[in-house]
Amino acid sequence: MAPRGSPADPKVTALRESRCLNPHPGQVTDPAFLATDFFDARDAVQVKYEMVRRVSVDGEPVTAAAAAFGYSRPSYYQAAAALAGSGLEGLVPAKPGPRGGHKLTGQILAWAEQQLAADPALKPAGLAGPIAGEFGVRVHPRSIERALARRREHSQSR
């Protein structure tokens with residue numbers, strides 16, 4: 001079995017894959033995390049939960065709790081709001097990156113649909129160049145296909 005904390009440690013792998021790996025476990029100085037193996041400073045969800053619990057149940061000041069768990073005061077308030085709003089799932093960091101096609105606006109997609117309606121031989125992937133020329137936006141042909149498919153699904157579900 002791999003030593004605790006090594007890159008081959010299965011818990012580290014699982015925490016990383018679930019976006020719950022604490023990037024700074026060494027900053028956790030809370031005595032409970034230093035005394036037993038039950039509390040794991042590598043688990044960001046457990047660290048945030050215990051930080052919020054320490055303030056709400058034990059009455060510890062926010063500044064002291066945040067410092068002991070390696071977070072800032074604003075991070076404490078974000079964690080407390082996320083826990084109150086969504087439970088433990090709210091403490092799991094969101095996936096990074098854009099949340100959708102941010103280049104292909106409704107105006108561009110409406111224009112693309114007009115072009116496709118006017119020329120039945122034209123394929124969505126063939127609109128990458130015309131979109132760049134018309135709107136100054138460079139997009140991958142597959143992104144156009146996916147965005148138009150999503151737009152059609154959304155309009156059909158209404």
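**Cores and salt bridges**

Modeller: Gladly! In the largest nonpolar core, which has 22 residues, the members touching the most others are Val28, Phe33, Val47, Met51, Phe69, Tyr71 and Tyr76. A nonpolar core here is a set of buried Ala, Val, Leu, Ile, Met, Phe, Trp, Tyr and Cys residues joined through side-chain atoms within 4.5 Å. Buried means under 20% relative accessible area, exposed over 50%, and partly exposed in between (1.4 Å probe, protein chains only). This is a predicted model, in which local features need pLDDT of at least 70 and side-chain atom pairs count only at pLDDT 80 or more, while totals for chains, interfaces and linings use all residues. Residues are numbered from 1 along each chain as its sequence is written, and side-chain values use heavy atoms, leaving out hydrogens and water.

Biologist: Which helix gives the largest share of this core?

Modeller: Helices are DSSP runs (H or I, at least four residues), numbered from the N terminus. Those giving two or more residues are H3 (44-56), H4 (62-68) and H5 (73-86). The largest share, six residues, comes from H3.

Biologist: Which residue forms a salt bridge with aspartate 30?

Modeller: A salt bridge needs a side-chain nitrogen of Lys or Arg within 4 Å of a carboxyl oxygen of Asp or Glu. Aspartate 30 lies in the loop between H1 (10-17) and H2 (31-35) and its partner in H3, so the pair ties together parts 24 residues apart in sequence. Both residues are buried. With the closest N and O atoms 2.4 Å apart, the partner is arginine 54.
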